[in-house]
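Hi,

Here is the model I promised to pass on.

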Amino acid sequence: MKRKVEPGIAEKGFIPLCVPHLSGNEWKYIKECLDTNWVSSAGPFVDKFEKMVADFVKVRYAVACVNGTAALHISLLLLGIHRDDEVITSDLTFVAPANAIRYVGAHPVFIDADYNTFQLDVDKLNYFLKTRTKKTAKGLMNKDTKRYIKAILPVHILGHCCDIESIMEISRNYGLPVIEDATEALGASVKGKFAGTFGKLGVFSFNGNKIITTGGGGMIVTDDPVLAKKAKYLTTQAKDDSVEFIHNEIGYNYRLPNLLSAMGCAQMEKIDAYIEKKREIAKMYNEKLSEIPGIGVMTKPYYCETTFWLYTIKIEEKEYGLNRVNLMKELQKHKIETRPLWQPMHLLKPHKNSPKTVCDVAEKLKKRCLCLPCSVKLAQKEQDFVIEKITSLQKV
Ligand SMILES: Cc1ncc(COP(=O)(O)O)c(C=O)c1O
């Protein structure tokens, strides 16, 4: 079979932010699904993909899901989080974890970000727990809302890890289980242990812009056989007898099809090379952009190995001459796609009444940060072009 060869990104006259790299066995494995008729939710690639992810992050079990948001939803159900509970999470994140908390009727409690690492600020988390909560016979009560806090859902953003060891210590001190949203941090680690494997449950996403993609997909990982079994059960319509259609619980159709799992297997074969490339891209940006006044480069947090999934700079307008919005517009004129960080959760309409710490740092990061092109297949000349433009736009 002849494949159409995609032209280089620059030849298309456009440098995208972060797009998939499909250079391995994706076609072969997907063709195998088509040839064998195993295209739907059953099939050998589902088990294989689960095993590949579990082996890669060194956990016992992985359960494939239709996407990362569904995987978060199921994880919350697995920990028994329900109506009127509270779940502590990051303020600076994509909206999915906050939404998933709301799907089960619970309320997020937003913790501000750390300026240097972008991740949940552990000092503010500690301060919140010390000053705003009370240990009671029924659990940890939020003194302001009188609701009970049932879990911590830290989000590892941009390819870095949260200070997860400190979060695990807090989890032990307060008896709060942890679900890690590691959707953006597959391959990042702390002292050799991977993001997503510290808490009771970890979640990955294989959305199009993630470090590996299945087009859309997600995964729950855990070392707990009971949770893993229940995760499979809940994501596959809670079938107690699949012949007689007995369902003793409300289940979900959150399965990842064999077709997409096939793509995941091909992508997992390349993950080490992809992470390596992301790190090279970050190194090059750091070397070239750190000289520019007013541009704060993205550095590795001291406590973790990062993948630099989405390379992000901080812009000081007074020194650089342009603010984030104007730099974005200027780069757009040169067909360079960039993206700001997400709106902090406490500012979003559906979540603005949720409890929170002071979240001024998340707001500052939102104002100042810009994510730069960092696709795995970003060519050297394309990166040089981006660097040249950012350099030439600085005030003289
Ligand atoms: C931090 C975070 N959590 C959750 C998700 C949800 O994953 P999905 O798009 O696979 O549902 C994403 C991204 O897409 C994300 O960036």
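Four strands make up an open sheet with mixed pairing, in the order 1-11-10-7. Before going further, a word on the source: this is a predicted model, where local features need pLDDT of at least 70, side-chain atom pairs count only at pLDDT 80 or more, and totals for chains, interfaces and linings use all residues. Residues are numbered from 1 along each chain as its sequence is written.

Helices (H or I, at least four residues) and strands (E, at least two) are DSSP runs, numbered from the N terminus. Two strands pair if DSSP finds at least two bridges between them.

Strand 1 and strand 7 are its edge strands, each pairing on one side only. Ignoring direction, neighbouring strands are turned by 20° against each other on average (axes are lines fitted to C-alpha atoms, for helices over the stretch in contact, and angles run from 0 to 180 degrees between N-to-C directions). Three bridges link strand 7 and strand 10 in the parallel sense, and Ile179 has Leu201 in strand 10 as its bridge partner.

Two helices sit on this sheet. Helix 3 lies across strand 1, strand 7, strand 10 and strand 11, and runs at about 165° to strand 10. Helix 7 touches strand 1, strand 10 and strand 11, and its direction makes about 15° with that of strand 1. Contact here means that the C-beta atoms of two residues, placed from the backbone, lie within 7 Å.

Helix 3 (residues 68–78) is mostly covered, with ten of its eleven residues buried. Buried means that 20 or more other C-beta atoms lie within 10 Å of a residue's own, exposed means 12 or fewer, and partly exposed is in between, with C-beta atoms placed from the backbone. Among the buried residues of helix 3 are His73, Ile74 and Leu76. Their cover includes strand 1 (61–65), helix 4 (96–103), strand 7 (179–181), strand 10 (201–205), strand 11 (218–222) and helix 7 (225–235). After helix 3 comes Gly80, with a positive phi near 75°.

In helix 7, Leu227, Ala228, Ala231, Tyr233, Leu234 and Thr235 are buried, and what covers the buried residues of helix 7 includes strand 1, helix 3, strand 10 and strand 11. Gln237 follows helix 7, and its phi is also positive, near 70°.

The other sheet is open too, with five strands in the order 3-2-6-5-4 and mixed pairing. Strand 3 (107–111) and strand 4 (133–136) are at the edges with a single partner strand each, so one side of each has no neighbour in the sheet. The twist averages 45° from one strand to the next. Strand 4 runs antiparallel to strand 5 (residues 139–142), joined by four bridges, and Lys135 stands opposite Leu140 in strand 5. Helix 5 packs on this sheet, touching strand 2 (85–90), strand 3, strand 4 and strand 5, and its direction makes about 120° with that of strand 3.

**Helix pairs**

Which helices pair up with each other? Helix 5 (residues 122–132) and helix 6 (residues 164–174) have axes that come within 10 Å and cross at roughly 10°. That makes helix 5 roughly parallel to helix 6 (under 35 degrees counts as roughly parallel, over 145 as roughly antiparallel, 65 to 115 as roughly perpendicular and the rest as oblique). Val122, Leu125, Asn126 and Leu129 in helix 5 meet Ser166, Ile167, Ile170 and Tyr174 in helix 6.

Helix 1 (residues 26–36) and helix 8 (residues 258–268) pack at about 155°, their axes 8 Å apart. That makes helix 1 roughly antiparallel to helix 8. From helix 1, Glu26, Tyr29, Ile30, Glu32 and Cys33 meet Asn258, Leu259, Ala262, Met263, Cys265 and Ala266 in helix 8.

Is helix 8 enclosed by the rest of the structure, or how many of its residues are buried? Eleven of the eleven are, so helix 8 is largely enclosed by the rest of the structure. Its buried residues pack against helix 1, helix 2 (44–57), strand 1 and helix 9 (271–289).

Cheers
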